[in-house]
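Please consider the sequence and the model shown below. The paragraphs after them lead through selected parts of the fold.

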Amino acid sequence: MTNNEKKNNIVLIGFMGSGKTVVGRTLAGLLDYDFVDTDEQIRQVTGLTLPQLFRKHGEIRFRSEEELVVKRTAAKQKQVIATGGSLTPMAKNFDLLRQNGWFVLLSADPQTILSRISRKNDRLLLCGKPDLPSLENMVREREEAYRQTADFIVDTTKMGVEDAAAAIARQYRAYAAGE
Ligand code: S3P
């Protein structure tokens, strides 16, 4: 990729419950891009939900499936990619996503995240079920790492899905047009 070629995958990063999947799907519709959710790909490839995958085969297997999915996805173009909330810049293959990825951090305040993730109990948080103080620590730590790598940040605490997707689409179009 030369310097003036624009990255044409949009990669959504952020904590569980920040809205990566719902915002990502809407954003992909606005841009007419493919939508890929890496957790959903892992479910399709293994035929297991993430909690089942962990129970049966443990985190190592989850990580290796995630690496394969990320590798395959990073090789394609014009996608909105919702990453799993535990995929941090330290993860293997994160740099592969960077090569053609314009990164958007979805953030939300920990209280909002807690109430969003408590509504559904079929999701797997690697650290178990946290109380608010531990969640605050985790969100802060992960967001610090994420902020360094984000090209754009959207706070979804009070923003609806449509508005968040529209804000990202606007910023991305400006980036792609070279502004
Ligand atoms: C995780 C977040 C999940 C998924 C896995 C672990 C976490 O992704 O990758 O269950 O520990 O933060 P979502 O953020 O898409 O729910």
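This is a predicted model: local features need pLDDT of at least 70, side-chain atom pairs count only at pLDDT 80 or more; totals for chains, interfaces and linings use all residues.

Residues are numbered from 1 along each chain as its sequence is written, and side-chain values use heavy atoms, with hydrogens and water left out.

Helices (H or I, at least four residues) and strands (E, at least two) are DSSP runs, numbered from the N terminus. Helix H1 spans residues 20-31 and helix H7 spans residues 161-176; the two pack at an angle of about 50 degrees, with their axes 9 Å apart. Axes here are lines fitted to C-alpha atoms, for helices over the stretch in contact, and angles run from 0 to 180 degrees between N-to-C directions. H1 and H7 are therefore oblique to each other; angles under 35 degrees count as roughly parallel, over 145 as roughly antiparallel, 65 to 115 as roughly perpendicular and the rest as oblique. Their crossing is right-handed, a crossing being left-handed if the near helix is turned anticlockwise from the far one by less than a right angle, and right-handed if clockwise.

Which residues of H1 meet H7? On the H1 side they are Val22, Val23, Thr26, Leu27, Leu30 and Leu31, and among their partners in H7 are Val161, Ala165, Ile168, Tyr172 and Arg173. Contact means heavy atoms within 4.5 Å. By class, the contact of H1 with H7 has 12 nonpolar, 1 polar and 2 charged residues. In this classification Ala, Val, Leu, Ile, Met, Phe, Trp, Tyr, Cys and Pro count as nonpolar, Asp, Glu, Lys and Arg as charged, and the others, Gly among them, as polar.

Buried means under 20% relative accessible area, exposed over 50%, and partly exposed in between (1.4 Å probe, protein chains only). An α-helix has 3.6 residues a turn, so residues three or four places apart point the same way. H5 and H6 pack at an angle of about 115 degrees, with their axes 9 Å apart. That makes H5 roughly perpendicular to H6. H5 passes H6 in a right-handed crossing. Pro110, Gln111, Ile113, Leu114 and Ile117 of H5 make the contact with Leu132, Leu135, Glu136 and Val139 of H6. By class, this contact of H5 with H6 has 7 nonpolar, 1 polar and 1 charged residues.

Strand E4 (residues 101-107) holds leucine 106 and also phenylalanine 103. Leucine 106 counts as buried, at 0% relative accessibility, and phenylalanine 103 likewise counts as buried, at 0%. Leaving aside neighbours within four places in sequence, leucine 106 is in contact with residues including Ile13, Lys20, Val23, Val154 and Ile168. With the same exclusion of residues up to four places away, phenylalanine 103 touches, among others, Val11, Ile13, Phe94, Leu97 and Phe152. The C-alpha atoms of phenylalanine 103 and isoleucine 81, 22 residues apart along the chain, are separated by 9.6 Å.

Threonine 83 lies in the loop between strand E3 (79-82) and helix H4 (94-99). Is this residue, threonine 83, buried or exposed? Threonine 83 is buried, with a relative accessible area of 3%. A polar atom of its side chain lies 2.7 Å from the backbone oxygen of leucine 12. Beyond four places in sequence, threonine 83 touches Val11, Leu12, Ile13, Lys20, Thr38 and Leu97.

Aspartate 32, in the loop between H1 and E2, is exposed, with a relative accessible area of 71%. Its phi is near 60 degrees, a positive value in a residue other than glycine. Aspartate 34, in strand E2 (residues 34-37), counts as exposed at 53% relative accessibility. Not counting residues up to four places away in sequence, aspartate 34 touches Ala28, Lys78, Gln79 and Val80. Lysine 78 lies in the loop between helix H3 (50-74) and E3, and is partly exposed, with a relative accessible area of 47%. Lysine 78 also has a positive phi, of about 50 degrees, although it is not a glycine.

Terms used
A polar contact is a pair of N or O atoms within 3.5 Å; within protein, one must be able to donate a hydrogen and the other to accept it, and residues adjacent in sequence count only if both atoms are side-chain atoms.
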